[in-house]
Amino acid sequence: MTHYTTRERVNVNAYADWLNSEPWSAFCTFTTSTGLSLKKARRTMETFKEVLTAKHASITKIFWVAEPFRDRRDYHVHALVQLAPSEVLASELITSAWHEVCKPSGYKMYNRIMVQEYIKDLGAHYYISKNLRSAAVDYDLL
């Protein structure tokens with residue numbers, strides 16, 4: 001865990017509070033079977049947004065953070081996704097788009113995906129923003 005000064009903690013909390021003010025549909029965690037560098041995580045999330053938008057034209061936005069696994073060899077991504085209401089479940093759209101972008105390969109024939117409904121009181125906004133001040137992460141609002 002990153003240790004922050006009081007001022008940095010205030011900034012991170014302000015970011016988390018702003019995230020929680022948005023009407024997110026889902027909180028997600030994504031991994032790939034091949035691993036992600038920071039650069040590849042950014043490209044993957046940009047492509048993910050394009051694919052998700054093609055599948056669901058009324059996608060509004062994605063806030064994502066790529067952070068290292070504990071071994072610091074590669075990265076995983078946490079994301080908040082905002083979709084307009086539709087008849088298709090957000091989890092189905094998101095999972096389908098992620099599998100289209102990150103096709104499983106090698107001995108791992110899967111990509112781990114966790115998609116949960118975003119509920120403001122559960123703290124996902126703090127969890128996703130916990131490492132924003134760290135040089136070891138990348139993040140963006142798409």
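**A tour of the sheet and its helices**

Begin by selecting strand E1, residues 26–30, which pairs with E4 in the antiparallel sense over 5 bridges; strands here are DSSP runs of E with at least two residues, helices are runs of H or I with at least four, both numbered from the N terminus, and two strands pair if DSSP finds at least two bridges between them. The model is predicted, so that local features need pLDDT of at least 70 and side-chain atom pairs count only at pLDDT 80 or more, while totals for chains, interfaces and linings use all residues. Residues are numbered from 1 along each chain as its sequence is written, and side-chain values use heavy atoms, with hydrogens and water left out.

Within this pair, select Phe30, which stands opposite Ile113 in E4.

Now widen the selection to the open sheet of 5 strands, whose order is E4-E1-E3-E2-E5 with antiparallel pairing. Its edge strands, each pairing on one side only, are E4 (113–117) and E5 (138–141).

Next, display helix H2 (residues 38–55), which packs on the sheet and touches E1, E2 (59–68), E3 (75–83) and E5, contact meaning heavy atoms within 4.5 Å. The direction of H2 makes about 160° with that of E2, where axes are lines fitted to C-alpha atoms, for helices over the stretch in contact, and angles run from 0 to 180 degrees between N-to-C directions.

Finally, within helix H2, select Thr44, which counts as buried because its relative accessibility is 8%, the cut-off being under 20% relative accessible area with a 1.4 Å probe and protein chains only. Leaving aside neighbours within four places in sequence, Thr44 is in contact with Leu36, Trp98, Val101 and Cys102.

Methods. Buried means under 20% relative accessible area, exposed over 50%, partly exposed in between (1.4 Å probe, protein chains only).
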